[in-house]
Amino acid sequence: MVHSLPSHASVVVIGGGIMGCSTLYHLAKMGVSDAVLLERNKLTSGTTWHSAAQVRALRHSQNLTRMIQYSVDLYSQLEEETGQNVGWIQKGSLSIATNPDRLIHVKRQEALAHAYGIDAMSVSAEEAKERWPLMNAEDVLGAVWSPDDGRVSPSDVCAALVKAAKPLGAKIFEDTGVTGILTENGRVKGVETTQGTIMCDAIALCTGLWSREVGAMAGAQVPALACEHFYLLTKPIDGIIGNTPTLSDHDNHLYIRDDSGGLLVGCFELMGKPIAPGVLDESFEFGLLPEDWDHFEPMMMNALHRLPALETAEVKMLLNGPESFTPDGTFMLGETAETKGLFLGCGMNSVGIASGGGAGMNLAHCIVHGHTAYDLTEADAKRFAPVFDSIDHLMARAPEILGTHYDIAFPGKQLSTARDLCALPLDTEYRAVGAHMGQFYGWERSLYFGKTAEPAMTFGRPDWFENVRAEVMAAHEAAAIFDASSFGKIEVQGPDAEAFLLHCCSGYLGRAPGSVIYTSVLNQRGTFESDITAQRIAEDHYRLFVGTNAIKRDLAWFRNLAEGYKVTLTDSTEDYATLGLMGPEAARIVTECGAPELNELGYFKTGTAHIAGKHVRAARMSYVGEAGWEITMRAENAATVYAALTTAGAKPAGLFAQTSMRIEKGFCAMGHELDSDVSPIEAGLDFATRKTGGFIGAEALAERRAKGAMPHVISLKLDDETAVPLGHEPIYLDGKIIGQTSSCGFGYRVGKPVALGHVKGVVKDGTRVQIDIARNLLDATVTIGPLFDPAGSRMKS
């Protein structure tokens with residue numbers, strides 16, 4: 001390794017595990033010829049060295065799957081590139097199911113695999129037994145076989161990545177601990193180490209178990225916490241010849257494969273053991289934690305059931321190696337909101353080796369090009385609410401996240417730990433009428449009302465089906481209240497407010513005060529960073545409404561663009577409550593509550609009034625296909641306004657009802673139909689963009705138009721009233737996959753299951769297609785436009 005620390009590097013990578021080595025390799029490949037990697041001990045000495053190193057390509061989203069497919073391709077060719085053996089063994093994986101719900105789950109995964117171009121096939125219990133003869137298959141109902149999955153030697157992979165990076169100018173410094181990060185005006189400037197100071201333009205923070213502490217050196221929040229992770233190693237046993245596929249027995253929380261003629265039996269138990277910050281210090285090098293047979297015993301009993309040969313096997317060791325986990329089980333990748341130039345690649349949730357190749361490529365791409373190679377919003381470093389950086393919350397949540405690693409993906413399932421972190425202004429009122437809550441960006445939001453017990457988890461018709469029907473019908477036939485208080489609110493004020501937003505947004509932000517403007521927020525590629533509504537309150541004042549999960553990311557985006565403009569940006573999310581009053585009785589209700597003037601507001605107009613004596617600002621608009629207003633008030637006035645509206649006849653409605661109605665109306669949503677791979681053209685939203693240009697992404701958008709880009713979001717209505725689509729299901733036309741569903745629900749106003757989806761090419765209105773739900777092909781009809789059009793549905797006066 002190089003001995004003399006340079007005075008400057010374009011990028012400093014901190015951490016010598018799989019993420020650090022992969023990021024360094026890809027930075028070098030992308031032309032960063034002076035990148036430096038700092039490792040306080042030796043390469044791979046934190047978590048990477050003891051990884052079970054499984055590489056299973058299929059994930060719940062197309063781009064996460066694409067990312068791991070990149071890892072597979074990278075690992076399989078590294079030896080040819082470098083001459084370094086990486087221990088790539090491609091023997092496939094076998095996922096078994098021992099209960100009906102797991103069988104549905106793995107068949108849904110098989111359907112996803114087909115959509116994502118991954119080889120996977122259902123096999124019987126007998127066929128599964130043939131592929132894993134040592135397995136007790138008496139309780140196995142079926143399985144899915146994935147032949148392309150494999151595993152690697154983690155230390156050898158890192159050695160190969162470093163070997164390839166060094167001839168391209170990269171430098172590696174082991175035994176060089178980071179003692180501080182220098183910042184100036186909110187941007188990284190350099191790194192202080194035990195070997196001296198190195199100035200830099202960007203930092204890739206790939207410090208695994210210690211990421212929270214290192215991020216804090218730069219003033220950034222990195223909510224990740226270590227938990228103990230166990231796997232058993234045996235000495236050689238009869239029946240293990242050569243390499244085996246990985247056996248995934250997720251109902252028993254186990255993964256199993258061969259290891260040196262014996263068995264490796266790992267687990268993700270229902271509730272893990274958290275490790276408090278400070279326990280793992282700088283001396284933890286190639287370290288392990290003490291064996292804990294009492295904790296592992298239930299998993300051992302599961303393993304003995306699945307593998308009777310374990311009864312006579314000689315145990316080599318019970319390995320207890322720490323892994324880091326995030327509050328939602330997905331890693332963090334990208335620039336932080338708090339500190340410019342600080343990029344995270346950490347919190348890998350025990351899939352570091354599988355993800356590392358593709359995640360390192362995307363992190364390097366983000367540093368060099370300003371964005372990931374494809375949309376990875378679900379892993380965005382800016383997605384967590386500040387409240388999740390609390391040690392108390394992480395100590396509670398991280399062990400549960402470990403236990404969800406092999407969860408069945410039931411619709412509506414919620415985490416149970418670290419709850420009630422942020423309460424809406426009407427939290428007490430909602431709970432009093434039986435609200436069933438879900439957590440979003442720390443907020444507790446009402447999913448549905450009238451809860452009498454915890455709902456059973458099922459892939460069939462859910463327990464809340466009739467509750468949601470009642471809420472939809474209230475909005476359709478009378479009036480309902482949809483709470484949007486958790487939506488982020490950003491005040492844009494100053495003499496340059498209009499010019500600033502015309503630059504940042506593609507919509508018609510120049511409209512007069514009193515206007516409401518829907519607009520996309522695009523990047524230079526002409527694709528979505530966000531979609532928002534803006535209320536123009538005065539010539540020099542706009543209020544932006546952004547998604548609940550997007551406030552941190554969107555505020556950082558706007559602040560990064562504000563330099564040179566005379567504007568101030570203020571997060572006012574917690575200052576205001578917003579209630580959507582929707583339905584034909586809405587007009588009567590606001591009149592009875594003292595605000596008849598709201599009936600004079602035109603569509604997409606905003607104005608002020610008083611409801612029950614409290615000042616409100618109402619916007620005439622609807623997200624659910626029923627006429628009404630989104631009414632904003634000071635948070636402390638929400639209870640009084642809500643009491644007046646409900647006394648006059650409005651009923652509260654939850655997020656499930658809102659989603660059902662949104663899909664029926666054909667409205668797109670970020671994270672579903674919209675992301676940074678999609679432009680307004682493909683989403684059918686180009687009507688809301690200024691054709692005169694002058695905004696970020698305008699040139700790219702014009703280029704797409706010139707090349708003939710077309711809308712490819714469709715609405716779908718399924719024939720089978722009992723079908724339960726969840727999202728991501730493949731859409732088939734004439735036996736070929738043409739797209740996937742993106743938002744799904746039951747359409748109570750049309751009486752059938754409904755969905756939105758993306759398709760390739762032109763699909764005509766009325767086309768008959770099939771939706772693959774757990775390998776059952778169900779008939780559906782395409783509609784171009786909304787499934788429910790409330791034209792003619794008017795508010796009663």
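Leaving out neighbours up to four places away in sequence, Thr48 is in contact with Gly17, Ile18, Pro154, Cys158 and Ile353, where contact means heavy atoms within 4.5 Å. I begin with this residue, and shall then turn to the whole protein and to some further sites.

Please note that this is a predicted model, in which local features need pLDDT of at least 70 and side-chain atom pairs count only at pLDDT 80 or more, while totals for chains, interfaces and linings use all residues. Residues are numbered from 1 along each chain as its sequence is written, and side-chain values use heavy atoms, with hydrogens and water left out.

Thr48 lies in the loop between β2 (36-38) and β3 (54-55). Helices (H or I, at least four residues) and strands (E, at least two) are DSSP runs, numbered from the N terminus. Is Thr48 buried or exposed? With a relative accessibility of 8%, Thr48 counts as buried; the term means under 20% relative accessible area, whereas exposed means over 50% and partly exposed lies in between, with a 1.4 Å probe and protein chains only. A polar atom of the Thr48 side chain lies 3.0 Å from the backbone nitrogen of Ile18.

Let us now consider the whole protein. There are 17 helices and 38 strands. The C-alpha trace spans about 80 × 65 × 50 Å along its principal axes. For 797 residues, a compact globule would have a radius of gyration near 28 Å, and the protein agrees with this, at 27 Å. That radius is taken over C-alpha atoms, and the globule rule is 2.2 Å times the number of residues to the power 0.38. Of the 797 residues, 60% count as buried. Among contacts between residues at least 6 apart in sequence, 72% join residues at least 24 apart.

Arg257 counts as buried because its relative accessibility is 7%. Which backbone oxygen does the side chain of Arg257 reach? It is that of Ala52, at 2.9 Å. Beyond four places in sequence, the contacts of Arg257 include Trp132, Arg151, Thr244 and Leu263.

Ala435 is found in the loop between α10 (427-432) and β20 (436-440), and counts as buried at 9% relative accessibility. Not counting residues up to four places away in sequence, Ala435 touches Tyr430, Ser446, Tyr448 and Phe449.

A helix can be buried as well. In α16 (residues 655-665), 9 of the 11 residues are buried, so this helix is largely enclosed by the rest of the structure. Among those buried residues are Leu655, Met661, Arg662 and Glu664. Just after α16, Gly666 takes a positive phi of about 80°.

Most residues other than glycine have a negative phi, and most peptide bonds are trans. Asn349 has a positive phi, near 55°, and is found in the loop between β18 (342-346) and α8 (352-369). Asp734 likewise has a positive phi of about 55° although it is not a glycine; its loop runs between β34 (730-733) and β35 (736-747). Asn349 counts as buried at 3% relative accessibility, whereas Asp734 is exposed, with a relative accessible area of 74%.

Definitions and conventions
A polar contact is a pair of N or O atoms within 3.5 Å; within protein, one must be able to donate a hydrogen and the other to accept it, and residues adjacent in sequence count only if both atoms are side-chain atoms.
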